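Dear colleague,

I am handing over the structure below and would be glad if you could look through it. My notes on what was found follow after it.

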Amino acid sequence: MVNYKELGLVNTREMFKKAMAGKYAIAAFNFNNMEQMQAIIQAAVECKSPVILQVSSGARKYANQTLLRYMAQGAVEYAKELGLNIPITLHLDHGDSFELCKSCIDMGFSSVMIDGSHLPYEENVALTKKVVEYAHQFDVTVEGELGVLAGVEDEVSAEHHTYTEPEQVEDFVKKTGVDSLAISIGTSHGANKFKPEQCTRNADGILVPPPLRFDILKEIEKRIPGFPIVLHGSSSVPQDKVAIINKYGGALKDAIGIPEEQLREAAKSAVCKINIDSDGRLAMTAAVREIFATKPAEFDPRKYLGPARDSLKELYKHKLTNVLGSANTVE
């Protein structure tokens, strides 16, 4: 067994406490290769921001759990090399079983999510509590979930969303002992979060999706004051990246995300962790497609993965500074 502290990682407890006090949110950026990890750490160091390296079950299978552990340890040392020892958490995204969560804890993860939201309520409580009891022995923090997000991302899929019921949250937190809670207030997984017919057009002709259910968030805050809340499926789907992808042979139809100003508003509340994955995929894909189309003789992976990494870094710097508000919070 490897304890995350040996790798130089931190759990989310202090991170979330500071975020709520400072009215900002911590970015949880998904990664499964070196370029993504480099972009995340470069952006976080340059912005002087804490960050969560987030690994899905699919990413863990793709990249190999042992390599991911050493990459996370490398990320800590890389940040120092770049000049700042920022707080870094290695987090399992959407763990679907006790066995998976236990394996990640044993391999050095400092935080895990157990997603029992698809189960009947009492089964979700029992599974989440079991993970919490194991994780807390090693000071690993646990995220639970109430409510279901629609959309598809890696191995997580649901056709319809179910809003979190505020009357359940207090009981769930009390019975399970979780450290943070992912809720459903209108975000969703993937790049196609909304259909055009669900949206309205603003003065610039841009499709604007229905607003997040801040009324549900406020009610949840009343019931569990000061408790860390998490938003999944919070990519904004930058239309400039979508346009580049489609210009150079892509077929991203009706890719619509969450407006960034709504996420900024959420970050000023008890929402202290916001997950962003699809935006990063779009940024990298746009850069790679453009190079393949404009430089067809190029075959050196460094010549297309390098620009993809740089594009991702700039996107993440924007998110940390202008959307989550976590920039300049690390001395």
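**Aromatic rings and a helix contact**

F98, Y134 and F138 form one aromatic cluster, where rings of Phe, Tyr and Trp (its six-membered ring) pair if their centres lie within 6.5 Å. Please note that this is a predicted model, in which local features need pLDDT of at least 70 and side-chain atom pairs count only at pLDDT 80 or more, while totals for chains, interfaces and linings use all residues. Residues are numbered from 1 along each chain as its sequence is written, and side-chain values use heavy atoms, with hydrogens and water left out.

K130 lies over the face of F98, at 4.5 Å from the ring centre, and R69 lies over the face of Y70, at 4.5 Å from that ring centre; a charge sits over a ring if NZ of Lys or CZ of Arg is within 6 Å of the ring centre and within 35 degrees of the ring normal.

The structure holds 5 aromatic pairs. One of them, Y121 with F172, is tilted, at 6.3 Å centre to centre and 50 degrees between the planes (planes under 30 degrees apart count as stacked, over 60 as edge-to-face and the rest as tilted). Y121 lies in helix α6 (residues 121-135) and F172 in helix α7 (residues 166-176), so the pair ties together parts that are 51 residues apart in sequence; helices are DSSP runs (H or I, at least four residues), numbered from the N terminus. Both Y121 and F172 are buried, meaning under 20% relative accessible area with a 1.4 Å probe, protein chains only.

With kind regards

Notes. Helices (H or I, at least four residues) and strands (E, at least two) are DSSP runs, numbered from the N terminus. Buried means under 20% relative accessible area, exposed over 50%, partly exposed in between (1.4 Å probe, protein chains only).
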